[in-house]
Amino acid sequence: PKEFKVLSCLLENPGRVATHDHLLSNVWGSEYIGATSYVKLYIRYLREKLEKDPSRPKWIITERGVGYRFVQSCTSGS
């Protein structure tokens, strides 16, 4: 359920950054704001399921120090 909620938050505004605090507040509750390790862990879980190569994500992009962004479409590059 938490993974689905994180993904839902990212998909609310594809292409726009969902901040750590936004994700924490909407998924875990406002009392978790600042606990970014929860977000990082669940982003890793999602990348393992969605990305072809989780170490080089093309769908869930990290915006360092801010949050994460879901890319609407990605090109194969081939």
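Is His20 buried or exposed? His20 is buried, at a relative accessible area of 12%. The cut-offs here are under 20% for buried, over 50% for exposed and partly exposed in between, with a 1.4 Å probe and protein chains only.

Before going on, some housekeeping. This is a predicted model, where local features need pLDDT of at least 70 and side-chain atom pairs count only at pLDDT 80 or more, while totals for chains, interfaces and linings use all residues. Residues are numbered from 1 along each chain as its sequence is written, and side-chain values use heavy atoms, with hydrogens and water left out.

Back to His20, which sits in helix α2. Helices (H or I, at least four residues) and strands (E, at least two) are DSSP runs, numbered from the N terminus. Setting aside residues up to four places away in sequence, His20 touches Thr36, Val39, Gly65, Val66, Gly67 and Tyr68. Contact means heavy atoms within 4.5 Å.

Take Thr36 from that list. Thr36 belongs to helix α3 and is partly exposed, at 24% relative accessibility. With residues up to four places away left out, Thr36 touches His20 and Leu24.

That brings us to the two helices. His20, Leu23 and Leu24 in α2 meet Thr36, Tyr38 and Val39 in α3. By type, the residues of this contact are four nonpolar, two polar and no charged. Here Ala, Val, Leu, Ile, Met, Phe, Trp, Tyr, Cys and Pro count as nonpolar, Asp, Glu, Lys and Arg as charged, and the others, Gly among them, as polar.

How are α2 and α3 packed, and at what angle? The angle is about 85°, and the axes are 9 Å apart. That makes α2 roughly perpendicular to α3, a label for 65 to 115 degrees; under 35 is roughly parallel, over 145 roughly antiparallel and the rest oblique. The axes are lines fitted to C-alpha atoms, for helices over the stretch in contact, and angles run from 0 to 180 degrees between N-to-C directions.

Between α2 and α3 there is a loop, and Ile33 lies in it. Ile33 is partly exposed, with a relative accessible area of 43%. Its contacts, not counting residues up to four places away in sequence, are Asp21, Leu24 and Ser25.

Next, the aromatic rings. A search of the whole structure finds five aromatic pairs. Rings of Phe, Tyr and Trp (its six-membered ring) pair if their centres lie within 6.5 Å; planes under 30 degrees apart are stacked, over 60 edge-to-face and the rest tilted. Trp28 and Tyr42 are edge-to-face, because their ring centres are 5.4 Å apart and their planes stand at 65°. Trp28 lies in the loop between α2 and α3 and Tyr42 in helix α3, so this pair ties together parts 14 residues apart in sequence. Tyr32 and Tyr38 are also an edge-to-face pair, at 5.3 Å centre to centre and 90° between the planes. Trp28, Tyr32, Tyr38, Tyr42 and Tyr45 form one aromatic cluster.

Last, the core. The largest nonpolar core has 16 residues, and Val6, Leu10, Trp28, Val39, Ile43, Ile60 and Tyr68 touch the most other members. Such a core is a set of buried Ala, Val, Leu, Ile, Met, Phe, Trp, Tyr and Cys residues joined through side-chain atoms within 4.5 Å. Trp28 is buried, at 11% relative accessible area. Leaving out neighbours within four places in sequence, Ile43 is in contact with Val6, Leu10, Ile60 and Tyr68.
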